[in-house]
Each structure stands twice: as C-alpha cells, then as structure tokens.
Amino acid sequence: MGEAGTDGGRPGHAGGQWRTDGGGPKKEGDDSAAAMPKHGGPEPGTGIMRADRTVPNLSFSVRQVGRLYAADGTPCLPQTADAAAAKSASVTNPVLASFTQHTFDDASVGASMPYNLFLPAGYDGKKQYPLLIFIPDASANINEVTTPLFQGNGATVFADPVWQAKHPCIVLALQYTDDLVTQLGMMTTDANGWSQGLQLAWDTIEHVTESYAVDPQRIYGTGQSQGGMANIAIADRHPDFFAAQYLVACQWKTEEMAAMKDSHLWITVSTGDTKAHPGMDAATALWESLGTRVSRNAAPWNNKSSVAVLDAAVRAQAKEGAPINYTVFADGNHMYTWSFAR
C-alpha cells in the first residue's frame, strides 16, 4: 500500500506539496520549520505544516464522433444529436463508495475526528472481524474526510473485492484535517511526543473497536510518514494492541521503540530517506540487541524492478519467518518510498 509522491509527477498523486511557515515545497520527512523555504503567506514561528492537496475533479464528458459497430457489425448508439453527446457528471469508484464517513466527538480532547469505515459484505454484528487501521501521511491533512481513500491505496486495497473475498475485514481510515492541525497542532512532529492529535486518533480507534464487531486479537495497523509514526507511537504505549503492522517511511525515538521488540512488523524505507532510514537502522539494531530476530534484505532492492521480481523477493524474505522484516530500497527519498510500498 502507499501512494505516489509529488516528486517526478508520478500518477496517483492528488496534486499537493508542503507548506509550513509560508507555503514553499518541502520534503515531508523533515518536520522542522527551518527546513522549509518560505515562499508564501507566512505563518511565523508556528512550525505548522499545511498540505495544498485538493479533491480531484473526476468528471468528464464523452462525445461520439463516428458511427459505432458491435463485433458482429451491428450499428449501435445511432449518431443523433441527442445520442452522440453523453456526459458523466461524476465518476464513482465502487471501492471508495463502499466506505461510509463518520465523526467521533472526543470530549476528553475537546475535538472531533472524521473517519472512513468499510464493513465487509454481509457484516454480522454477532461475528468478530479483523480490523485494518490506516493512517495517512500529513500531506493528506485537508478538510476532505475521504482524502485517505483517493490520496493513495493504503486503505482501499484492503476493501477491494478480490481481497475481501479471501480476507473479509473491517477497514478504518482516519482523517486528520487541516482544522485539527489548527486546533491541536500536528499529529506527529520530530519531537516524537504523545500529542493531542495522537490521543484523538487513539480514542477514535478505541471507539471503533468498541462499536463494531472487531476481533481484538486481529487488529492490524499501517501508514506512511505521519501515519507510520502514529502507528509506532500507539504501539509504544499499547504494545499488545496490534497483531501486526506495516510501517512505511517513518521513525520514532529509538529508546521508546524497545516496547515493540515482540511485535510483528514489516518495515519499508529508502536509503535516500535521511530520517526513516537511519531511524529504522537504529530501531532494528535495538530489537536485535534485545533478542528479537530481524530479517533484512542483503542489499538494497532496486525500486525500478518489476512487480514479479519484487514479489519474489518479498516472498523469499517472508519465508525466513522472522517476526520483524526490514526492507530497504536503494536511493529514492522519503515521499518516493510510498510509490512502491504496496
């Protein structure tokens, strides 16, 4: 799962970059205000980052410009003035449409968290289902609740009918809005502290697990950057909460991550990520020093390899049976990692 980043104009990106203290582009892995060139209306001294992503306009129009024929030669859609112009006012992705939108009002924090929820077909409140929790990176922090569903596929891949046919599960995608950034500050920062935003996220997750038929032994977490950091922060405080986590392009205080030594993790970073790569090098070394077995790829993988090659490499690493798998890709950077972390 993951998303295409801004660099290089790769498809799948909703058209956003970073602004902090004034609106210039910024590599997402660097949360410090000093690292951001200042280009626009400044927000002096706040250290608050803003995303300029917008909801994509997926409407389009189709006009018939020639006669159409079926495979057997039968004419179809006669070229009349009315039939020749067909317009779609909107395009609906059925997987995105299968999520419903909700809000959790957290009295203890004094704020509300929007979230997207998918329930499997034939959902039965008397059964227990696995729960997949996705928290996106901070470039998704805009006031559109469905952003985690179109910004990348970190949540939607698990709601896809093919996946659901084999692994029916509940999917939760949290949305930390720009309004919440203004009210509470960033969910995660380089200070790696437990923020009000993290408390709100945790309280929302608890609300969902208590409100739906969730199997407490099968709760899984994933996310990139801010989302990965939130996953780590929650696991540090609640090391028995997640059955497993997939962490992409993220890091945290190494000493605090000792609490995760018995976790089941798959971690993906790029050598060009100046924070996540050294951060996860340190974390995996710490876990090994505490007796945890970590499987590593012998040399950084080529992020331009074919899906078949990468799939074979992943399967080979998984066969080692280590509770923690650490995959490093060559070159790239912080945001670029997301484009192939699927």
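Is Asp-331 buried or exposed? Asp-331 is exposed, with a relative accessible area of 57%. Here buried means under 20% relative accessible area, exposed means over 50%, and partly exposed lies in between (1.4 Å probe, protein chains only).

## Basis of the model

This is a predicted model, in which local features need pLDDT of at least 70 and side-chain atom pairs count only at pLDDT 80 or more, while totals for chains, interfaces and linings use all residues. Residues are numbered from 1 along each chain as its sequence is written, and side-chain values use heavy atoms, with hydrogens and water left out.

## Overall make-up

The protein chain holds nine helices and 15 strands. Helices (H or I, at least four residues) and strands (E, at least two) are DSSP runs, numbered from the N terminus. The chain has 342 residues, and 49% of them are buried.

Contact means heavy atoms within 4.5 Å. Take the contacts in the protein chain with a separation of 6 or more: residues 24 or more positions apart account for 69% of them.

## Helices H6 and H7

Helix H6 spans residues 196-211, and helix H7 spans residues 226-237. Their axes come within 11 Å and cross at roughly 75 degrees. That makes H6 roughly perpendicular to H7. The axes are lines fitted to C-alpha atoms, for helices over the stretch in contact, and angles run from 0 to 180 degrees between N-to-C directions. Angles under 35 degrees count as roughly parallel, over 145 as roughly antiparallel, 65 to 115 as roughly perpendicular and the rest as oblique.

Which residues of H6 and H7 meet? H6 brings Leu-198, Gln-199, Trp-202 and Ile-205. H7 brings Ala-230, Ala-233, Ile-234 and Arg-237. The residues of this contact of H6 with H7 divide into six nonpolar, one polar and one charged. In this scheme Ala, Val, Leu, Ile, Met, Phe, Trp, Tyr, Cys and Pro are nonpolar; Asp, Glu, Lys and Arg are charged; the others, Gly among them, are polar.

## Salt bridges

How many salt bridges does a search of the whole structure find? The search finds six. A salt bridge is a side-chain nitrogen of Lys or Arg within 4 Å of a carboxyl oxygen of Asp or Glu.

One of them pairs Glu-288 with Arg-296 at 2.7 Å, N to O. Glu-288 is partly exposed at 35% relative accessibility, and Arg-296 is partly exposed at 33%. Another joins Lys-261 to Asp-262, with the closest N and O atoms 3.1 Å apart. Lys-261 is partly exposed at 30%, whereas Asp-262 is exposed at 61%. Lys-253 and Glu-256 also meet through their side chains, at 3.9 Å from N to O. Lys-253 is partly exposed at 30%, and Glu-256 is partly exposed at 34%.

## Buried polar side chains

Gln-151 sits in the loop between helix H3 (147-150) and helix H4 (161-166). Its relative accessible area is 0%, so Gln-151 is buried. A polar contact of 3.2 Å links the side chains of Gln-151 and Ser-139. A polar contact is a pair of N or O atoms within 3.5 Å; within protein, one must be able to donate a hydrogen and the other to accept it, and residues adjacent in sequence count only if both atoms are side-chain atoms.

Asn-325 belongs to strand E15 (residues 324-329). Asn-325 is buried, at 6% relative accessibility. The Asn-325 side chain reaches the backbone oxygen of Ala-322 at 3.5 Å. Leaving aside neighbours within four places in sequence, Asn-325 is in contact with Leu-265, Trp-266, Ile-267, Ser-295, Gln-317 and Ala-318.

## Val-181 in H5

Val-181 is found in helix H5 (residues 178-184). Val-181 is buried, with a relative accessible area of 1%. Ile-142 is 39 residues away along the chain, yet the C-alpha atoms of Val-181 and Ile-142 are separated by 9.1 Å.

## Positive phi

Asn-192 is not a glycine, but has a positive phi of about 55 degrees. Asn-192 lies in the loop between H5 and H6, and is buried at 9% relative accessibility. Asp-331 is not a glycine either, and has a positive phi of about 60 degrees. Asp-331 lies in the segment after E15.
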